[in-house]
Amino acid sequence: MDKIPSDCPYPGCFFCVMKEGNPSKRRTSILKFFRDLPAQDDDGQVLPVSGLWNTAMAHPNDPEFINLGIFECVTALIWKGLKNRLWLSHDQNIYIPYYAAHIIGSYSMNMEEFAERAVHAGVIPPLVELLRGRLTWVEQRVAVRALGHLATYSSTFPAVASHGEVLELAIQLASSSLEIVYSHFYQFVDRRISYHCDLLTRGMGGVEMESRKAEEWASQLQCWSLQLINCFAFKPEFLFDICRPEFLVKLPAMWGGLVNENSPAGIGLLRTICQHKLGRGPVANCPAVIDALCNIVRSSDDWQYMAIDCLLWLLEDQSTSNKVIDKAAPALTDLAEISVLGDHKRLGDTIVNVLQERCQAQGTARNYISSRTKEQIDELLSSRQRIKWEKNMPKEDLQIKQAAALVVKLEGNSLFSSGDISGAASKYSEALALCPMKSKKERLVLYSNRAQCYLLLQQPLAAISDATRALCLHNPPNRHAKSLWRRAQAYDMLGLVKESLLDAILFINECSQSNDPDLSLRHNKVPDYAERLVKKQMHAAWLFREAAIKHGGIPTEDGSGDVYGPEADDSEWETASGSDVENGGQEADDNEENDDMDMYDKSTTKDLVRGYNILLTEDDT
């Protein structure tokens with residue numbers, strides 16, 4: 001370089017090199033810098049590496065640094081940190097392996113050509129060492145991210161898979177990541193490693209922000225481990241190692257949490273596993289996994305369609321159908337009237353066809369279908385036949401049927417108001433039998449009203465079924481506020497925390513956009529009953545809950561070990577709903593009796609009826 005700014009004390013400084021106006025000299029200087037940096041022991045090396053980290057995140061598809069040897073440079077820096085602990089502990093060099101591995105992941109996440117260059121530069125062996133935990137969980141996080149990107153491409157996957165321990169390490173990390181971060185960082189504030197705190201908050205926050213970011217990073221560590229495993233799961237030869245019962249049973253609980261809602265996490269891996277016959281057998285042999293899939297298909301989880309795919313593939317496979325049909329059929333039957341879900345078109349028709357084929361199967365397979373399941377499928381098929389009959393009915397006859405259904409529904413409303421909940425449920429069932437199939441809005445209300453009755457009658461499974469049917473009839477699906485709230489409470493009765501939480505949050509989202517005066521948010525305030533349920537479930541679904549209990553959580557009043565996150569959990573709730581709350585509405589009256597979220601646990605039937613009147617109003621009449 002011909003000219004160095006007089007105020008720069010470092011000849012060959014990377015930042016000065018980047019300011020070089022002559023393109024040829026600039027490339028030559030950068031090439032030299034990348035070649036020389038790993039051999040240098042000067043102070044301040046972290047500054048250019050952190051600058052490269054920023055550049056890689058901002059411009060991951062720019063080939064300039066790739067062509068000039070950045071992969072070779074960062075590979076050498078990781079090895080240096082692993083082999084030379086004296087250098088690693090000097091100055092701020094402890095940050096360098098983290099930044100180096102992050103750079104590899106950023107440049108390889110979009111471009112297969114870049115990933116091939118990275119593999120050729122030898123990045124995989126040092127990344128595997130970081131994955132083993134040779135440094136700390138912070139470096140494990142970026143190592144598994146980079147390896148996951150490299151394993152995505154067909155041309156570079158073999159290089160990752162050639163390191164036989166990668167899959168096992170990823171499985172171990174996915175299973176233990178939350179406990180690792182909790183016990184090594186979150187649990188003891190006074191023992192937190194300073195460079196971890198700086199990386200988590202970029203030096204901009206205190207203990208509370210460190211704790212929040214630790215939850216986010218722990219979730220990413222788990223989800224990125226699952227992403228790496230997912231790359232192996234597409235190859236049948238690795239399914240035996242992945243499909244161990246003790247690992248499969250954990251997958252539904254690996255959901256990313258609210259801090260990482262964009263990852264399909266465990267359900268995404270299950271979907272990949274279920275695509276292959278070798279994977280479907282082990283999944284079908286795990287009753288707890290099938291139960292979890294059935295819960296997910298009847299929830300507002302963003303990955304609902306993945307659980308539906310899993311159950312449909314398991315039913316279509318004759319070797320697994322008999323093992324799952326008695327659990328899968330009731331859950332899928334509730335979804336039979338859903339039309340579109342994401343990219344899935346005519347999903348309801350697909351579900352009906354699969355169930356019909358299974359029910360009509362000849363031979364010994366049919367003997368495995370219980371009478372109750374057979375009855376539910378027959379009822380579903382009868383409803384489809386009813387649609388065909390009604391198409392040929394005179395319009396006047398359909399109008400008469402709809403009018404009769406309305407009369408019966410009003411009788412049900414009257415019984416509900418007088419406290420005869422069982423009688424009201426029967427009337428809503430009678431109205432459903434009368435109401436034309438094409439009258440979706442009316443049937444939605446009937447199912448939702450009956451779900452309310454089942455909720456009050458302490459029949460949460462029936463309430464979930466009816467609320468789900470109502471949500472499938474809504475356009476768009478899964479967006480009917482009152483049905484979401486009813487299902488949230490029913491899941492709460494069953495102790496299904498995640499499902500209850502997701503429905504409750506979506507209920508509040510819908511309230512923020514509703515024109516219904518009974519539902520719209522007043523003075524930008526979330527209804528007290530909804531806020532209490534969300535906070536309760538967020539505490540129960542706290543990402544580190546199991547790890548905290550295992551490592552000596554705060555004792556509860558009953559003496560059992562339990563711990564919830566600090567007040568940051570409430571702030572996380574505010575973050576989750578804040579944008580929706582800001583959209584406004586009107587505040588619920590402070591004296592509304594239905595504000596008591598736990599009424600069904602401690603009130604009489606008449607008290608319950610009075611308390612739930614807000615949820616049986618205009619669009620329910």
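1. Leucine 82 is placed in helix α5 (residues 70-83); helices are DSSP runs of H or I with at least four residues, numbered from the N terminus. The model is predicted, so that local features need pLDDT of at least 70 and side-chain atom pairs count only at pLDDT 80 or more, while totals for chains, interfaces and linings use all residues. Residues are numbered from 1 along each chain as its sequence is written, and side-chain values use heavy atoms, with hydrogens and water left out.

2. Leucine 82 counts as buried because its relative accessibility is 3%, where buried means under 20% relative accessible area (1.4 Å probe, protein chains only). Leaving aside residues up to four places away in sequence, leucine 82 touches Pro126, Glu129, Leu130, Arg134 and Leu135; contact means heavy atoms within 4.5 Å.

3. Tyrosine 95 and tyrosine 195 have ring centres 5.7 Å apart and planes at 75°, so this pair is edge-to-face. Rings of Phe, Tyr and Trp (its six-membered ring) pair if their centres lie within 6.5 Å, and planes over 60 degrees apart count as edge-to-face. The pair ties together parts 100 residues apart in sequence, because tyrosine 95 lies in the loop between α6 (85-89) and α7 (96-108) and tyrosine 195 in helix α13 (residues 194-201). Tyrosine 95, at 11% relative accessibility, counts as buried, and tyrosine 195, at 7%, also counts as buried.

4. Tyrosine 98 and tyrosine 99 form another edge-to-face pair, with 5.7 Å centre to centre and 70° between the planes. Both tyrosine 98 and tyrosine 99 are buried.

Key
Helices (H or I, at least four residues) and strands (E, at least two) are DSSP runs, numbered from the N terminus. Buried means under 20% relative accessible area, exposed over 50%, partly exposed in between (1.4 Å probe, protein chains only). Rings of Phe, Tyr and Trp (its six-membered ring) pair if their centres lie within 6.5 Å; planes under 30 degrees apart count as stacked, over 60 as edge-to-face and the rest as tilted.
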